[in-house]
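Colleague: Could you walk me through how the labels on this structure were assigned? I like to see each value set beside its cut-off.

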Amino acid sequence: MTLSATVNPQTSDAVRLVSAVGDLFGGRALGFSMRVANVAARFTAYCKSEPEAIAAAYYAAALHRIGAVRIVVPRDASARVAEILGWDDPPAGAAIVAAAGTFPGLTADAVRWHREAFDGTGFPDQLRWKGIPETAMTVNVARAFIIAREEQGGTGAPQETLFLLSADSGSVFALGTVRRFYAFIAEHAADYEAPYEPDYRFPHVDPRALILSVCREIDARQLHTAGRGDRIERIVRAIVERLDDARIDSAEAAFAGRLTALARTGDDGSTSDVFTLTRLGLAARGARAAMSARILRCAPAYAALAPVVGGIEEWYDGSGLPDGLAGGAIDPVARVLAVAIAAEALTAGEASQRIRAAAGTRLDPDVVSAYLQCGAPT
Amino acid sequence: MTELRAATRRIAGSRLLDLLLERSIESVVDPFMGLPTHLNYLKRHGIRVDGGDLLDWFVRAGEGLVVNDFTILREDEVAAIVEGTPGRVYPVDMFRAWDGVFFTHEQCQYLGIWHANIHDLRSDGQTGLAIAGLWHVLCYWLQKSQHPDEMPDVPASELAWRYIRETERLVCTNNARNTVRRADFSATLQASRAQCMYLSPPGRNSAAEVDARIWMWEAWWQGDPYLNVEHYFRDTVFGRRTNDHASYDNAVGLVLAAAEAIPYIVLQTRPRDAARFEALMRTFRKQVETVAPNAEETYIIARR
C-alpha cells in the first residue's frame, strides 16, 4: 500500500455519492454520513492514530448507512419486524464495502460493527468491551454526536451536546472513547466537523465500480428491477450507436443509464417505470429524479451528470418534471435515457407501439426513431 | 474492586454466517459456546444450532436465547423479576460476602432478591432471558465501581428492566430444533448431527483465569458467593495444565478428534496462533483453508 498526500478525487467523490445514497435509504438528511465522516476522521487524527486508521474511520463513517440499500421492509411490517430487519443493515453495508475493493484496514468491519454497544446490547453481533474494534466505536460516537447535534437544531456550543453522550457512557460507548471525545470537542469546538480529506491512496478501489455496485443493489431491491441497469445500458448503447450524435459519448451515456437507479433512492417500492410514458405518478417520479440530481451534485466529479439523470422525467413537450424543460433544452443523453427506461420496463410486444405513440410528447422523436431503427430492444 | 479484563474474544455471528453461507452449511455445533449470542444470530438467519458449555448460567441463557422460540416477558413479569414483592421474605443476605468488596450493600440486596425471583420463574425461556439480561447489570455495576464518575447512576431496578428488555428483543425462531446442554465437549459433539463444528478454543489456563464477570454470575445463579468454578473444569481437557504448547495442542487435538464425523470445522483464532492451529488441523483433515478477514481475526476452515 502506498501512502500519499492526495486522494484520488474520483474515489473520494464516489464515496460521497454512495454515502448520500446511504443517507436517503437510511432515513437521514443528505450529507449526514459525510458529517459523521469528518468528525470520525478528525477525532481519530486527534487520538494520533496511523493514517490508515484515520482513513478507515473516515470511509467507514461515510459508508456506514449504505447497508440500508439492501434492507427492504414490507409496507405492512410491524415496528418489531422493521427493527429486526434493521439489525442486518450493518452487515449488509460491510458486504457492499468489502465487495467494492480494498478500503483501508478495518473499514468494512467498522461498518459491520458500528452499532455495537460497549455493554454487549448492540447489533448485529452483541459484541462487547474490547471485542468492538476501536474504529467502529469511533464511528458510533461520531454518529451519535451528529444525531444529537441535529436534534438540538445544530445550535449552541458543541460542548452542550456532549451530555447526551455521557448518558450512554459505559453502556453504549466505551468510557475511554467518551473521555477522549470530550477532550477532542473541547479542543476542536470550532472545526470538529470541518471537511476532511484522508491522507491515503487506494490501490484497488475503482470509483465507478463502487457507484455501479450500489446502483445494482438499488435495482436488486425489487425482483422485477433486478438487472435493470444491464438492460438499460444495452438499450442505450444501441440507440446511441444508431443516433450518431457527436455530443453523446456511448460509454458515458451507458454509465448514466446505470445511474438512473439513483432515481429510486429511498424508494419504498411504489416507483414503477411501467408508467413512465404516462402522467400517472409523474410528481413522485419527478421528485425522485430531482433527488438523484442532488445526490450527483454531492460529488463534484459526477456533478456534470446531474442534469442527465435528473432530466429523465422531463417531457419533450415541456410538461414534465422537475423543471418543465422542453425539446433541445433537455440534455440529449437524458432524452436517450427516457426512451431506454421506457423500453426496459415494457414487454417486447408493446414497446415499439407505445414508444412510437409517445414521440413528440413524452419522448424525443429523433431518439424514438433511432430506437425503432435499431430493432426496438427491450 | 476486581480487575476487569479489557480484552475479550470477538465472536461474531454475522462473520460466522458469511463463512457458513459461502459453504452452504446449514447447521452448527459450538461445544464451548459461552454466552451464545452468536448462536442466536445464526438461528435468526435460519441456521440450526447446538451449543454446549460447562457453566450453568451460559446454558440457561442459551435456553432463553437459542432453544425457546416464542418466549415473552410481559411488563408485569419483568416487574416480578426486578422488584421485590411486598411482604415476601427475601434472602437479602445471600451475597453479603460481596458487600463492600465488589458491590454496595443495596446492590447485594438486589442480587439476593433477583436470585430468589428468577428461581421462581417457571419457564426456562424466561429464566434464560432474565439471567442474560441481569448479567449486563452485574457488568455495569462492576464497570461503574471502577469509574464511578464517568457512568450515570441508574437505579438497580430500572437498569435491570432495561437490560431484560434488551435481551428479550433477541427472541426469534428458525423452525428448527436448536439445543444447548451443560456438558463437556465430547458429549455435546456426540449428541449433535450438525454439519459444522465452530470452535473458538478456550485460552490457556482459562479454567483458572475465568473473568470475574463470568464466574461471579455463575456464583450468583448457584446462590453461593464463595463458589469456585474451577472445579467444573477439573476433569476436562482444558482444565488440566495447558501452559506449554504440547499440552495445549493436545487438548485442542482431542476436540478436533472428537469432531471426526462432522464434515466442517471452523476454528477461530488469532493471527499469532494461526500457523500452529493450521498445522494441527492438517493432522486431522486434508482440506484446510485459512480465512483472515482482518488483522485481528483468523478462521481456519477444514473439510473432511
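Modeller: Happy to; here is how the labels follow from the values.

Modeller: This is a predicted model, where local features need pLDDT of at least 70, side-chain atom pairs count only at pLDDT 80 or more, and totals for chains, interfaces and linings use all residues. Residues are numbered from 1 along each chain as its sequence is written, with chains lettered from A and ligands numbered from 1 in the order in which they are written.

Colleague: Why does B:H38 count as buried?

Modeller: A residue is buried if 20 or more other C-beta atoms, placed from the backbone, lie within 10 Å of its own, exposed if 12 or fewer, and partly exposed in between. B:H38 has 28 C-beta neighbours inside 10 Å, so it counts as buried. B:H38 lies in helix 2 (residues 37-44) of chain B; helices are DSSP runs of H or I with at least four residues, strands are E runs of at least two, and both are numbered from the N terminus.

Colleague: Which residues is B:H38 in contact with, leaving aside neighbours within four places in sequence?

Modeller: They are A:D125, B:I11, B:A12, B:G13 and B:L16. Contact means that the C-beta atoms, placed from the backbone, lie within 7 Å.

Colleague: And what makes A:D244 exposed or buried?

Modeller: A:D244 is exposed, because 8 other C-beta atoms lie within 10 Å. A:D244 sits in the loop between helix 11 (228-243) and helix 12 (250-259) of chain A, and has a positive phi of about 50° although it is not a glycine.

Colleague: Why is A:A376 called partly exposed?

Modeller: A:A376 has 18 other C-beta atoms within 10 Å, so it is partly exposed. A:A376 also has a positive phi, about 45°, without being a glycine, and its place is in the segment after helix 17 (365-373) of chain A.

Colleague: How do you know whether the radius of gyration of chain B agrees with a compact globule?

Modeller: The radius is taken over C-alpha atoms, and the globule rule is 2.2 Å times the number of residues to the power 0.38. With 304 residues the rule gives a value near 19 Å, and chain B has 20 Å, so the two agree. The C-alpha trace of chain B spans about 65 × 45 × 35 Å along its principal axes, and 45% of its residues count as buried.

Colleague: What is cis in chain A?

Modeller: The peptide bond from A:F123 to A:P124 is cis, with omega near 10°. The bond from A:L321 to A:P322 is cis too, with omega near 10°.

How values were computed. Contact = placed C-beta atoms within 7 Å.
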